[in-house]
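Thank you all for coming. I would like to walk through one structure this morning, and I will begin with a single residue before turning to how the chains meet.

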Amino acid sequence: MGSLARGDQLPTQTYRVTRADLIAYAGASDDHNPIHWSDRVAASVGLPGVIAHGMFTMALGGRALSTWAGDAGRVRDYGVRFTRPVVVPDDDEGVEVVVEGVVDEIVDGAVRVDLTVRCGAVTVLGRARASVSTDA
Amino acid sequence: MALDADLTGRSYDLKAPYDVSRIDIARFAAAVGEADPVHTDAAVARERGHRDVLAPVTFPIVVASGAMHQLLADPSVEIELRHLVHSAQRFESARAICAGDVLSARLTVESVRRAAGTNLIATRTEITDADGAHVCISHATLAHRSPDGTDG
């Protein structure tokens, strides 16, 4: 990311999310909250359906960052707000999460990136920002 | 009173240090779709200057959530999991986590703020390695809403 300038758009990343991904994430992260796999429980707490773990959506942003950075180890500071849930239907298509990034600032040895993470027309993460080291 | 300012300043440690294995990292990388071999192949990781396979960006949550479970398990803290929503998260990393790390984590409740029937609980979890060196700070803000909306 060494040759970037302020305002540069990073290559947009698109990720497909299905129920199977949520089950795998529940296991890997040890977060077994049933709102991430049971329609019945999701409905009982007023959700429109099973939703992705906020941390799973944040991880997709992290995946975009490590793709742009060339190595996950360069991502030094990454923060988000969970503004809207990603509702994942029980079908084979699932939903698409789109991650866009813009270079906000270049400081000594680091690139600051603003991320926009959307599901359809809905922005699902707010104030998503990261600092990526440009050191090899 | 379910939650009050008394919670502020309390700390919770991981029960036992977290031994980060190659399998943990590979499983987490697969779950979030990280296909970079740096997460699964130690030779690739070493070529890129890492000690061993590298953890994905948000992996510290696995370590931090162990300390969070200690907060939720505290009988004097009346937090109901199903009424708890993660509202913000930030990782400030001093270095990346690799397989072979033995990590400790201490969560501290920084503040409890009440707004519109919801308690916003700001926490900070310091993750350190076996030498006590700083690895990552995980900042998590949780929103807790009581069922009747009258108390948090």
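Let me start with B:Arg10, which is partly exposed because its relative accessible area is 23%, where buried means under 20% relative accessible area, exposed over 50%, and partly exposed in between, with a 1.4 Å probe and protein chains only. Please keep in mind that this is a predicted model, in which local features need pLDDT of at least 70 and side-chain atom pairs count only at pLDDT 80 or more, while totals for chains, interfaces and linings use all residues. Residues are numbered from 1 along each chain as its sequence is written, chains are lettered from A and ligands numbered from 1 in the order in which they are written, and side-chain values use heavy atoms, with hydrogens and water left out.

What does the side chain of B:Arg10 meet in a salt bridge? The partner is B:Asp74, at 3.4 Å from N to O, a salt bridge being a side-chain nitrogen of Lys or Arg within 4 Å of a carboxyl oxygen of Asp or Glu. This pair links distant parts of the chain, 64 residues apart, with B:Arg10 in the segment before strand S1 (11–13) of chain B and B:Asp74 in the loop between helix H3 (60–73) and S3 of chain B; helices (H or I, at least four residues) and strands (E, at least two) are DSSP runs, numbered from the N terminus. B:Asp74 is buried, because its relative accessible area is 15%.

Turning to the two chains together, 26 residues of chain A are in contact with 27 residues of chain B, contact meaning heavy atoms within 4.5 Å. The count of salt bridges between chain A and chain B is two. In one of these, B:Arg48 pairs with A:Asp71, with the closest N and O atoms 2.8 Å apart. B:Arg90 also forms a salt bridge with A:Asp77, where the closest N and O atoms are 2.7 Å apart, and this pair crosses from strand S3 of chain B to strand S2 of chain A. A:Asp77 is buried at 12%, whereas B:Arg90 is partly exposed at 34%.

Those strands are themselves paired, since S2 of chain A and S3 of chain B (residues 84–93) run antiparallel over five bridges, strands being paired if DSSP finds at least two bridges between them. Within that pairing, A:Tyr78 stands opposite B:Phe91.

Lastly, A:Phe82 lies in S2 (residues 75–82) of chain A, and its contacts include A:Leu125, B:His86 and B:Gln89.

Conventions
Lists of a residue's contacts leave out its neighbours within four places in sequence.
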